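Biologist: Please show the model, and let us then discuss it in questions and answers.

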There are 2 protein chains.
Amino acid sequence: MKKNISGEFVKSARHRTIAFILLFSLMLSSVVYGQVERPRLLVSAADVRAIREDLGKYPWFDKVYGEAKDAVDRACANPVDVPKPVDAGGYTHEKHKQNYREMQAAGILFQVTKDERYARFIRDMLLQYAALYPTLGKHPMAASAEYGRLFWQTLNETVWMVHVAQAYDCVYDWLTPADRETIEGKLLRPMIKFFTVEHAATVDRIHNHGTWMVAAVGMLGYALNDKNLVDMALYGTKKDGKAGFLRQMELLFSPDGYYTEGAYYVRYAIQPFIIFAQAIEHNQPELRIFEFRNQILRKAVAAELQLVDGNGRFIPINDALKEMSVLSPETVLALDVAYLRYGDGGGWLAIAQKQGKVSMDAAGLAVARALQNQSKQPVFMFKSVEYTDGPLGDEGGIGILRSGAPGDQSMLVMKYGAQGFGHGHFDKLEFLYYDRGREIVQDYGAVRFINIEPKFGGRYLPETETWSKQTIAHNTVTVDGQSHYGGVYRVAQKSHADRHFFSALDPNLQVMSGKAQGVYPGVSMQRTMAMIRDSAFAGPIVLDLFRLDSKQKHQYDLPLYYMGQFIHTNIPYKAYDTEQTRLGPANGYQHLWKEAEGKAAGSLAFTWLQGDRYYSMISATDTFTSVFFTRIGAGDPDFNLRSEPGIMMRRNAASTVFATALEPHGYFEPVNEISLNATGRIKELKVLVSDAEATVVEINGTGSLHWIFAIVNGEASTDATHSVAARGKTFSWKGNYYLWKN
Amino acid sequence: MKKNISGEFVKSARHRTIAFILLFSLMLSSVVYGQVERPRLLVSAADVRAIREDLGKYPWFDKVYGEAKDAVDRACANPVDVPKPVDAGGYTHEKHKQNYREMQAAGILFQVTKDERYARFIRDMLLQYAALYPTLGKHPMAASAEYGRLFWQTLNETVWMVHVAQAYDCVYDWLTPADRETIEGKLLRPMIKFFTVEHAATVDRIHNHGTWMVAAVGMLGYALNDKNLVDMALYGTKKDGKAGFLRQMELLFSPDGYYTEGAYYVRYAIQPFIIFAQAIEHNQPELRIFEFRNQILRKAVAAELQLVDGNGRFIPINDALKEMSVLSPETVLALDVAYLRYGDGGGWLAIAQKQGKVSMDAAGLAVARALQNQSKQPVFMFKSVEYTDGPLGDEGGIGILRSGAPGDQSMLVMKYGAQGFGHGHFDKLEFLYYDRGREIVQDYGAVRFINIEPKFGGRYLPETETWSKQTIAHNTVTVDGQSHYGGVYRVAQKSHADRHFFSALDPNLQVMSGKAQGVYPGVSMQRTMAMIRDSAFAGPIVLDLFRLDSKQKHQYDLPLYYMGQFIHTNIPYKAYDTEQTRLGPANGYQHLWKEAEGKAAGSLAFTWLQGDRYYSMISATDTFTSVFFTRIGAGDPDFNLRSEPGIMMRRNAASTVFATALEPHGYFEPVNEISLNATGRIKELKVLVSDAEATVVEINGTGSLHWIFAIVNGEASTDATHSVAARGKTFSWKGNYYLWKN
């Protein structure tokens, strides 16, 4: 993405929009924003009146309001504590976080109730901060250039300001001029100067830390009626539109709303977008910020809500933590504001209902009202969808195929986009597979125990770098034991995979295909995944064709990190069950125990049990293939990793296709002691042909099941016709793929 | 238990009861049972009338009735299939099981509806069986002396008969004499002869297979109005009362109703007790079978329902499968009949409600009626309770301590009873610990994938013997690397541990203590576990004092199979993270990977995370102690074991005490990213003294926490006073234990 801020992107059509807005805005530079009533940030004066009027009408809103009131009332009854900052995750850190949350809520409560206790609470606390702040130098735990004063990193400090600007705005008119002078002169302006001067680079950074920064600067700008600050926030410190909030809205999302770091990160990153957009809308409605870039904020929220498993947990690509879900407080706010501004995006109220709470603002009130008035149970609309990656949408993307009703739904995710900054993984063309809300084939996510102090203070653990970022930790091919792009971030960040085609029009035959060039010198990669629903099977079948093309011979390793209990395999193997060594010395291999090793000559079959269903992989191994059973957890002296299994195929070849089917089958119910169809139906896969034009595979199973599946390897086109000869037959079709059933 | 049937037990008071009943029954030998109306087994004629009358009134009953009717209607519409038996778990096995279930249900439906379709269904099927049965020899898959003809083992065949006797009874009056002659002459009497002659030893066996057998013989006896069969069933083949159903009711349960094989097995074994008791009550009410042995059947059901975790899953001691729970169909029947005969035993309706179904008989009707009419939500009464083991209650027992409301309840289980037959484990004085419905310290259970055909046909796997039965697989002490009693079943079955004391009167200080002699020559073992609730802690603290006393030096290994994620330990250790070997060569050690090894000199502290809580063990290691971090899964070429962690302390000593505290603490909530108190409060345990009279330990923690806990090692008495000197102080108390808090 850095390539974009350094200039090449200036020519894009999108950027002309900012230029226009900028011009418009500078022309209106004499407008004094201060003529609008207060409060004027996340919550407007009109919002306050609506809240006051609607209290007691909507239980969903009353609940959050009551909880906030209880919490703030408790805080008001206790002495203010503004401790000298000493730690990066201990008492003082948490106390300063608690303080800003309580001040923000107290501000709204003061506006709604006019109870001066709340205003005094904010004033007293801000005066204490105003006494403390001038005494602070660099935070004692500061570890990087992004150091703060109140907090160990600027990020937390900007979040503090985003909240405090709101609280200050709410009591601004109530404060005496003397108090205002103290608070602004000793605290708010020095801090904002610290941001815009010492951390000017962060203000201009196209990154979620940058978004928090511009939100902090801009929110305070509106609160202080300071156009200079607002313009810096919107257009960058140089006010030329090459940085700042609008530029971030252009560069951090693809045209579809996909955030390049993935769903786990957009959950966090979307907050300052949403909060600051609300403030902009309240102060500069003429900017039509919620319409900006074809409603990019709506698209961003919609994409976030789709990038989840059946339980609403975010797809754990990149450095994600698996438990994080749409129930998070960040998503509550994002969903509510999106609902307020754009209406229901497809069963969003179903998620709001599961969240069990709304935000304490006009957006939360709107959702509470809608939940109250809805006549039928809302259902979230999970869908098959492709999101492009990159600001122009030309850096590949991510594809999601879904099949079945919620609760009995299969989901297949394939990643063929950009690296996604520093939290990105070297995982081009990897896939994840879910069924019935369970992980069946997993991405490990990050190695981190968030906020768990004994685990390295809750920070990312070293194994995030050495294991979970590495290619071998993913369900994709590692060539010659090296991670993608040599495992070098700088190279990976400049590169991306490409979409080949994506089609989810036919619910019985959904297919997506991605390509990756330059991941390894001289090796082309293409992966095509299909989700096929057929009455011959209890659930949708997944077909996976991973084609590697090279002039030289390489070692191709393709692991499958299945979740569940090993049930059966058809290959002979040697178990290393008295002594165990690692699969390799580096690039993630050092974290895999080699539990067993076998050879497959015909089709490899492997069955495992997860939840109430069996799953089988059947893979063509007409070329000689080694098979390894692995377990995560080697090279982990601090016990940071989860002990989880995998199966890996290894093939030494120049060009080859890993052709695999995944079949869900049977039923297991231990309380009634029922086990049905523990053996699947598919018995064999064969690659009939794979060349520059197409790949054709044969799938055979019991009951005379005989399918032929063909996909195009050359240029994608839904209109082109193809004709391929293989084993004495000719297969002809039109479009990017075709499935023949016997 | 065998010692009992071989004669020593004849002198017991209990046996006089049987002798009396026997005398009474033989005196009344001229009574013809046949004068009661049919049906007369599980369901009586009066029951049928009640069901007919109440249909449509109680949705809980209507549901099971409707489901049974749908299933049998489908069966009636299809051709009868009575296949030649060929397999031990495949189609023919399952088909014969399905047939008896459908016949039994059809019998009741015929009685209720008088629809002759159901009678014809039973007749046609029985005639096919009558044609098949005489052609059968020993089942082709027969593997032991307990072979059957229709099934590979007699067990299934007796279950078949228990159901078919009911069906036959229901259509008896409807059948023509000629059909009756065919069915009885070719099928029922030959089969019962096969049972009572070729398998006479099983009829007289004190074992759950014996109970199914006598139920089969007795039920058919009532159906055929054959007093000879009924008497054999009740009093053994010799009709002397030394075997048979009543004797089984005496010998298979302790006076408290504890079934010596444990909860998982009583679930299965209770069925023939319950079913046959209903038949006896309907035919010989004068035996007052439900009053027998002070209502032993009530006690057995009550104990079964208490021997569960917070989710109703049976405590997985012995060869148990962990998922099995009170929701099982066997428990539905047991609970319903117990409810019918004894009324509510303490929130039983809450379990019935969770089961979501009732049995299709008068018992189910009674529960359905009660569920319909209850005015408030029933709550099952979990309690702290001790059950003695052995028919006289003098073979030790099992203790359960519970603390807290359901949902936030801790449970501690200690096993100090008998071996429990062939499915018993060598696990004297082991413990299990649950919190908030989760396993915190586990018993592995059996190694078996029930009914999963590719896993050895769903049978017990070899690792049940080599791993899960062995002592090292349990949270108790293994001495010199050998399992208890040398791992010899014959020796273990003759032995048992002993209760020392058990007190759950004070909910804030519950203590249980067991002893075991002769488990290892020359080594005495005593374990005392306390559950202490104190406002200093978020949840109850567990104290565990495991005393070993010997003249010779031994190697004492005490593992803890914690469930969850390793968070922190205070000891230095070496991780075997590039190469891993097994902990030992045999006796279960061959299944443990040695992941790391350390030394503890002060107190060992180890913290893990399970669910939303942290747990810490803190153990006194004032004697030099080796610590091993282990993982289950070595020596397992077929991947039958679950990969789960453990921590093990090893000490070489003659006499020693492992003094350990388990502290639940803190809170983890990943969606809101909250982690509180990941470090516990207890910092140190010290054994102040441990001698023939008493053990005194000191517990120290943050915030000046300073506790002294004393327990009596000599004879238990609540009245005796004790005075022990340790480290210059004298500790005096009355009773079996005492806790001083600073």
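Biologist: How many residues of chain A are in contact with chain B?

Modeller: The model is predicted, and the totals for interfaces use all residues. With heavy atoms within 4.5 Å taken as contact, chain B contributes 51 residues. The number of chain A residues in contact with them is 52.

Biologist: What area is buried between chain A and chain B, and which residues of chain A lose the most area to chain B?

Modeller: The area buried between the two chains is about 4200 Å², of which carbon and sulfur atoms give 59%. On the side of chain A, three residues lose the most area, together 17% of what that side buries. These residues are A:Phe639, A:Val671 and A:Glu673.

Biologist: How many salt bridges are counted between chain A and chain B, and how far apart are the closest N and O atoms of A:Arg267 and B:Glu673?

Modeller: The count between the chains is two salt bridges. A:Arg267 forms a salt bridge with B:Glu673. A pair qualifies because its side-chain nitrogen and carboxyl oxygen lie within 4 Å, and for A:Arg267 and B:Glu673 the closest N and O atoms are 3.6 Å apart.

Biologist: Which element gives the most residues to the side of chain A that touches chain B?

Modeller: Across this interface, 18 residue pairs are in polar contact, both residues being at pLDDT 80 or more. The elements that give two or more residues on the side of chain A include α13 (263-283), β15 (592-600) and β18 (625-632). By class, that side has 26 nonpolar, 14 polar and 12 charged residues. The element that gives the most, with four residues, is β12(A).

Biologist: In what sense do β14(A) and β14 of chain B pair, and which residue stands opposite A:Thr581?

Modeller: Strands of a sheet pair through backbone hydrogen bonds, either parallel or antiparallel. Here β14(A) and β14 (residues 579-581) of chain B are joined over three bridges, in the antiparallel sense. The residue in β14(B) that stands opposite A:Thr581 is B:Glu579.

Biologist: Which are the edge strands of the eight-stranded open sheet of chain B?

Modeller: The order of this antiparallel sheet is β7-β8-β9-β10-β20-β17-β16-β12. Its neighbouring strands are turned by 15° against each other on average, direction ignored. Two strands pair on one side only, and these edge strands are β7 (498-503) and β12 (565-569) of chain B.

Biologist: Which residue is the bridge partner of B:Thr569 in β16(B)?

Modeller: Four bridges join β12(B) to β16 (residues 603-610) of chain B, and the two strands run antiparallel. The partner of B:Thr569 in β16(B) is B:Phe606.

Biologist: How far apart in sequence are the parts that A:Asp435 and A:Arg613 tie together?

Modeller: Over all chains, the count comes to 67 salt bridges. One of them joins A:Asp435 to A:Arg613, with the closest N and O atoms 2.7 Å apart. A:Asp435 lies in β4 (residues 431-435) and A:Arg613 in β17 (residues 613-620) of chain A, so the parts tied together are separated in sequence by 178 residues.

Biologist: Where does A:Pro39 lie, and what is the omega of the peptide bond from A:Arg38?

Modeller: A:Pro39 lies in the loop between α2 (13-27) and α3 (45-54) of chain A. The peptide bond from A:Arg38 to A:Pro39 is cis, with omega near -5°.

Biologist: What is the phi of A:Lys114?

Modeller: A:Lys114 lies in the loop between α5 (91-113) and α6 (116-132) of chain A. Although A:Lys114 is not a glycine, its phi is positive, at about 65°.

Note on methods: Residues numbered from 1 in each chain as written. Chains lettered and ligands numbered in written order. Predicted model: local features only at pLDDT ≥ 70, side-chain atom pairs only at ≥ 80, totals over all residues. Heavy atoms only, no water. Buried area = accessible area lost by both parts, 1.4 Å probe. Polar contact = N/O pair within 3.5 Å; in protein donor to acceptor, adjacent residues only side chain to side chain. Nonpolar A, V, L, I, M, F, W, Y, C, P; charged D, E, K, R; others polar. Pairing = 2+ DSSP bridges. Axes fitted to C-alpha atoms, helices over the stretch in contact; angles between N-to-C directions.
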